[in-house]
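Please read it beside the sequence and the coordinates.

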Amino acid sequence: MATTPLARADGIVVHPATHARFDDVRTMVGPKNPTSSVCWCLSHRIPARDNRELAGQDRADFVEALTRKRTKPGVLAYDGDEVVGWAAVAPRADLPFARSTKIPHVDDQDAWSVWCIRVRPGHRGRGISHVLLEGAVAYAVQRGAPVVEGYPVDNQGEKVDLTMAYVGTRAVFEQAGFTLAARTDATSAGFPRVIMRRQT
């Protein structure tokens, strides 16, 4: 699995979520109960109806199939051999965001979306989300993205409930060179969500 990291900082390296790394994807986004019908980072990747109908092992199989595709479903952060983070990144045109009524299209560019950033408990507060975001952008650039966007909360420094913090914060995106492109009608954890963009 020796590949050139997409991003590296403070001992953390980021790699694409290839099939060889599927067990690490499971660690990051698979539910503790493998028969449950939650997470696997599918709620914004596939239509809501499909997400409701895809249950148990079928969810794992769906994501495993994604890791076999040429365009991988996201990126993983590592501290040595231990996986410590995940970021989902994909062309917006392939996601429900393409049809969202709450998160508008800024223009006609073929934007890629980063919509989920997760850091494992016990590893938070080390800036891993920043390295993950850089890695996600680097992967999108490798795949030809002209622009990358995210839909974080504009929490203005207030604490965000950890269960909803996966969307990221405006500050994290700003620190990665993203700028405010538009406001939205969407909210998360009681905060408004904004569209942050970075030209590649």
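In which hand of crossing does H1 pass H3? H1 passes H3 in a right-handed crossing, the near helix being turned clockwise from the far one by less than a right angle. The model is predicted, with local features requiring pLDDT of at least 70 and side-chain atom pairs pLDDT 80 or more, while totals for chains, interfaces and linings use all residues. Residues are numbered from 1 along each chain as its sequence is written, and side-chain values use heavy atoms, without hydrogens or water.

Helices H1 (residues 22–29) and H3 (residues 57–68) pack at about 135°, their axes 10 Å apart; that makes H1 oblique to H3.

|---|---|---|
| H1 | residues 22–29 | Phe22, Val25, Arg26 |
| H3 | residues 57–68 | Ala60, Val63, Glu64, Thr67 |

Ser113 lies in strand S5 (residues 112–119), and it counts as buried because its relative accessibility is 0%, buried meaning under 20% relative accessible area with a 1.4 Å probe. The Ser113 side chain makes a polar contact (N or O atoms within 3.5 Å) with the side chain of Tyr151 at 2.6 Å.

Beyond neighbours within four places in sequence, the contacts of Ser113 include Val89, and Val89 is among the residues with the most contacts inside the largest nonpolar core, which has 29 residues. H4 supplies the largest share of this core, 8 residues.

Conventions. Helix = DSSP H or I, 4+ residues; strand = E, 2+ residues; numbered from the N terminus. Buried < 20%, exposed > 50% of the residue type's maximum accessible area, 1.4 Å probe, protein only. Polar contact = N/O pair within 3.5 Å; in protein donor to acceptor, adjacent residues only side chain to side chain. Contact = heavy atoms within 4.5 Å. Core = buried A, V, L, I, M, F, W, Y, C linked by side-chain atoms within 4.5 Å. Axes fitted to C-alpha atoms, helices over the stretch in contact; angles between N-to-C directions. Parallel < 35°, antiparallel > 145°, perpendicular 65-115°, else oblique.
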